[in-house]
Amino acid sequence: TLYLHNRCNLRCVYCFTDPQGKAASGPHLALEAVRAAAELVAANCRQAGRRMTVVFHGGGEPALDPARAEQVLRVVEPAAERAGLELFRYIAPNGALPVATVRWLAGRFDLVGLSCDGPPAVQARQRPLRNGGDSSPLVERAAGIIRAAGRPLHVRVTITPDGLALQEEIAAWICE
């Protein structure tokens, strides 16, 4: 599981990484560290007879810089190939991304775990854009692009005290 950086385009009310929304930059996961880790994980997977999985996750938006994420994939993929392993690619984006980025995600990852906290009113309250705007239309658009590309899509929901009583509504909305 790789946390590429802590930068994000949202200002989630429950964010543990940057609760004040101040992280505009910060440390990035070095490619040398990714390379070393990928080689170690590939060797362990080969020894255990398992496929290799790379997960792009965050306390930041992992797809905020698709060029950097692509660089990381280009480091991990050869490590799996050298070990003779199948590589499974998973990413957990927030979905509030440009269309080109979402299309790239749909083309490069085997599974996308979209972060969406529920219907627009819930999403807008819990996961606003940095400027305070509503992220829900962007997330819905991202889900449509991913599904239209034929890519499997999971939805990851953060349930807060505000959403506790809305779980049935949230699940129904996501399924629709």
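Colleague: Let's start with Trp104: does this residue count as buried or exposed?
Modeller: Keep in mind that this is a predicted model. Trp104 comes out at 19% relative accessibility, and the cut-off for buried is under 20%. So Trp104 counts as buried.

Colleague: And Phe109, is that one buried or exposed?
Modeller: Same cut-off here: under 20% relative accessible area means buried. Phe109 has 0% relative accessibility, so the label for Phe109 is buried.

Colleague: How are the rings of Trp104 and Phe109 arranged?
Modeller: Their centres lie 5.6 Å apart, and ring centres have to be within 6.5 Å to pair. The planes sit at 80°, and over 60 degrees is the edge-to-face range. So Trp104 and Phe109 are edge-to-face.

Colleague: What about the rings of Phe56 and Phe109?
Modeller: Here the centres are 5.3 Å apart. The planes are at 80°, so this pair is also classed as edge-to-face.

Colleague: How many residues apart in sequence are the parts that the Phe56 and Phe109 pair ties together?
Modeller: Phe56 belongs to strand β2, and both Phe56 and Phe109 are buried. Phe109 is in the loop between α3 and β4, so the pair links parts whose separation in sequence is 53 residues.

Colleague: Which residues form the aromatic cluster?
Modeller: The count of aromatic pairs comes to two. One is Phe56 with Phe109, and another is Trp104 with Phe109. Put together, the cluster is Phe56, Trp104 and Phe109.

Colleague: Which residues of the largest nonpolar core touch the most other members?
Modeller: Nonpolar side chains in soluble globular proteins tend to be buried together. This core has 35 residues. The ones touching the most other members are Met52, Phe56, Val72, Val76 and Phe109.

Colleague: Which element supplies the largest share of this core?
Modeller: Several elements each give at least two residues, including α1 (31–48), β2 (52–57), α2 (66–82) and α5 (136–148). The largest share is seven residues, and the element supplying them is α2.

Colleague: How many residues are in the other core that lies apart from it?
Modeller: Among its members are Val55, Phe88, Tyr90 and Leu111. In total, the size of that other core is five residues.

Colleague: On the surface, how much accessible area does the nonpolar patch have together?
Modeller: The patch is made of Val155, Val157, Ile159 and Leu164. One of these, Val157, is in the loop between β5 (153–156) and α6 (167–175), and at 31% relative accessibility Val157 counts as partly exposed. Together the four residues have about 290 Å².

Methods
Residues are numbered from 1 along each chain as its sequence is written. This is a predicted model: local features need pLDDT of at least 70, side-chain atom pairs count only at pLDDT 80 or more; totals for chains, interfaces and linings use all residues. Side-chain values use heavy atoms; hydrogens and water are left out. A nonpolar core is a set of buried Ala, Val, Leu, Ile, Met, Phe, Trp, Tyr and Cys residues joined through side-chain atoms within 4.5 Å. Buried means under 20% relative accessible area, exposed over 50%, partly exposed in between (1.4 Å probe, protein chains only). Helices (H or I, at least four residues) and strands (E, at least two) are DSSP runs, numbered from the N terminus. Patches are made of residues with over 30% relative accessible area and no salt bridge: like charges are joined within 9 Å, nonpolar side chains (Val, Leu, Ile, Met, Phe, Trp, Tyr) within 5 Å. Accessible areas come from the Shrake-Rupley method with a 1.4 Å probe; for residues, only the protein chains shown count as cover. A salt bridge is a side-chain nitrogen of Lys or Arg within 4 Å of a carboxyl oxygen of Asp or Glu. Rings of Phe, Tyr and Trp (its six-membered ring) pair if their centres lie within 6.5 Å; planes under 30 degrees apart count as stacked, over 60 as edge-to-face and the rest as tilted.
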